[in-house]
Amino acid sequence: MISESLLARVRTTLKGNDTGTFIKPSPGQYPHQWNWDSAVIALGLSYFDPARAWAEVESLLASQWRDGMVPHIIYHHGPSDYFPPPDFWQTAGLARAGDIPSSAFTQPPILATVVRMLLERPSTAGLIDDATLRRHYDRMLAWHRWLHVTRCPDGSGLPCLIHPWESGADNSPRWAAILDGITPADLPPYKRRDTVHVKVDERPRPEDYTRFVHMINLGRQLRWEPKALLDQMPFLVQDIMYIAILHRADEDLAWLGARLGADTGEIDAWRAGTTAIFDQRFWDEKRGFYYDYDARAGRRIDMASYAPFTTLFAGLPSAAQAERLVREHLLNPAEFAPGGALKVGVPTIAANEPLFGPRRYWCGPVWVIINWIIGIGLRRYGYDALADKLAADTLALVDDQGFHEYYDPRDGSACGAADFSWSAALALELAA
Ligand code: 2M8
């Protein structure tokens with residue numbers, strides 16, 4: 001149940017981050033619109049400003065590129081003190097780019113799932129007409145097609161990410177082995193800004209940040225041409241969480257298509273394709289766990305992370321696989337469960353991984369968005385008591401520490417940026 005006091009605190013945080021056009025992720029650190037942040041922020045808005053929830057969807061989709069991609073950062077109001085600024089991407093004059101300055105790659109496509117959720121709740125359902133919905137549907141369909149086709153080098157329908165920022169989990173140790181093999185060269189001049197607002201040891205290491213910039217520079221040199229990126233970027237990854245979110249979003253997009261009377265055969269084929277290949281590509285029967293895939297090297301990435309639990313959100317594992325994910329890993333105090341070194345879950349990297357970094361960004365901390373996604377997945381498989389416990393523990397964290405970007409799983413202390421929009425918005429989802 002949502003208390004008046006929680007609602008008031010969320011409203012204050014989101015209003016404080018409201019730019020008028022969109023809600024930014026946090027006051028200082030992230031002054032622009034981010035793709036998957038914006039989508040889940042719309043869910044929070046539905047509790048006190050439902051029209052604004054749809055406006056958030058509209059402003060995100062307005063950034064769509066002509067080739068279908070929906071970019072990861074959108075600079076509606078021009079540059080700020082955030083690095084990289086809009087010009088750094090060098091997208092001006094690109095025929096395939098959109099009308100609003102943006103980054104040149106994308107992020108987890110959770111938007112169609114959010115749109116379905118908005119349509120299924122009374123506060124927001126009646127506030128959108130079919131013509132607008134059809135426009136949103138066509139845009140999301142084009143985005144998903146871009147992912148399944150343009151971003152897929154092997155015909156499997158599984159998209160590849162070409163930069164760690166696309167995963168949303170920028171410096172995850174899942175990418176460490178690949179990043180370690182990249183030697184930055186000929187870097188353009190730049191000044192890192194993220195460590196102005198957040199402690200250095202809670203942000204990506206300097207050597208990784210340099211590689212992020214190096215890969216943006218490579219993309220610029222390739223004029224962001226999709227085939228050239230697939231052929232030449234040193235980072236080419238099939239990310240389990242990304243694909244799980246897309247698979248679930250395909251399901252929700254097909255639901256929307258059916259409601260609008262559209263032919264959803266293309267989406268159904270993507271879903272069938274992903275289901276057919278998912279285990280073969282990512283499942284390790286011996287360890288009862290999924291592993292991401294380095295498509296450039298042609299091998300799995302040996303790193304135990306939160307990502308396998310997000311497959312539950314998409315309904316990808318069988319009941320037996322789900323049981324192994326939960327029993328052998330999620331509830332294992334040596335890895336992901338409170339009890340041993342951990343006080344709160346779910347850490348973004350298993351506690352017994354050598355690269356576990358409990359305060360460093362995506363190297364171990366607990367994230368509200370991840371717990372929310374895992375909780376929905378647990379319910380999908382009937383683990384309601386576990387989902388309830390995860391929601392209650394996550395709410396206790398935000399109650400105690402405030403709406404932070406992430407939390408140290410050893411003691412629940414706050415890390416990263418404060419007054420963080422999606423932690424606030426999703427606290428309402430967890431409470432509801
Ligand atoms: C983080 O990513 C940006 C780059 O996109 C950054 O570190 O500057 C990630 O946590 C990402 O998942 C998130 O969408 C973004 C804004 O909250 O911040």
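A cavity, on a 1 Å grid over the protein atoms alone, is a set of points where a 1.4 Å probe fits but cannot get out, and a residue lines a cavity if one of its atoms lies within 4 Å of a point. The structure is a predicted model, in which local features need pLDDT of at least 70 and side-chain atom pairs count only at pLDDT 80 or more, while totals for chains, interfaces and linings use all residues. Residues are numbered from 1 along each chain as its sequence is written, and side-chain values use heavy atoms, with hydrogens and water left out.

**View 1. The largest cavity and its lining.** The volume of the largest cavity is about 230 Å³, where a volume is the space filled by probe spheres set on grid points that are joined across faces, edges and corners. Among the 21 residues of its lining, Tyr30, Trp34, Gln107, Asp170 and Tyr361 are the closest to the centre of the largest cavity. This lining comprises 13 nonpolar, three polar and five charged residues, with Ala, Val, Leu, Ile, Met, Phe, Trp, Tyr, Cys and Pro counted as nonpolar, Asp, Glu, Lys and Arg as charged, and the others, Gly among them, as polar.

View 2. Around the ligand are 16 residues, of which Asp37, His72, Tyr82, Gly168 and Tyr361 come nearest; a residue is near if one of its heavy atoms lies within 4 Å. Polar side-chain atoms lie 2.8 Å from a ligand oxygen atom in the case of His72, 2.9 Å in the case of Asp170 and 2.9 Å in the case of Arg203. Taken alone, the ligand exposes 410 Å², and the protein buries 99% of that, with accessible areas from the Shrake-Rupley method with a 1.4 Å probe.

**View 3. The second largest cavity.** The second largest cavity has a volume of about 50 Å³, and its lining includes Trp65, Asp67, Arg96, Trp146 and Trp224. By class, this lining has seven nonpolar, no polar and three charged residues.

**View 4. Cis peptide bonds in two loops.** The peptide bond from Phe83 to Pro84 is cis, with omega near 0°, and Pro84 belongs to the loop between strand 2 (73-74) and helix 4 (111-119); helices (H or I, at least four residues) and strands (E, at least two) are DSSP runs, numbered from the N terminus. Also cis, with omega near 5°, is the peptide bond from Gly345 to Val346, and Val346 is found in the loop between helix 13 (319-330) and helix 14 (368-380).

Terms used. A polar contact is a pair of N or O atoms within 3.5 Å; within protein, one must be able to donate a hydrogen and the other to accept it, and residues adjacent in sequence count only if both atoms are side-chain atoms. On a 1 Å grid over the protein atoms alone, a cavity is a set of points where a 1.4 Å probe fits but cannot get out, and a pocket is an open set with protein on both sides within 12 Å along at least five of seven lines; lining residues have an atom within 4 Å of a point.
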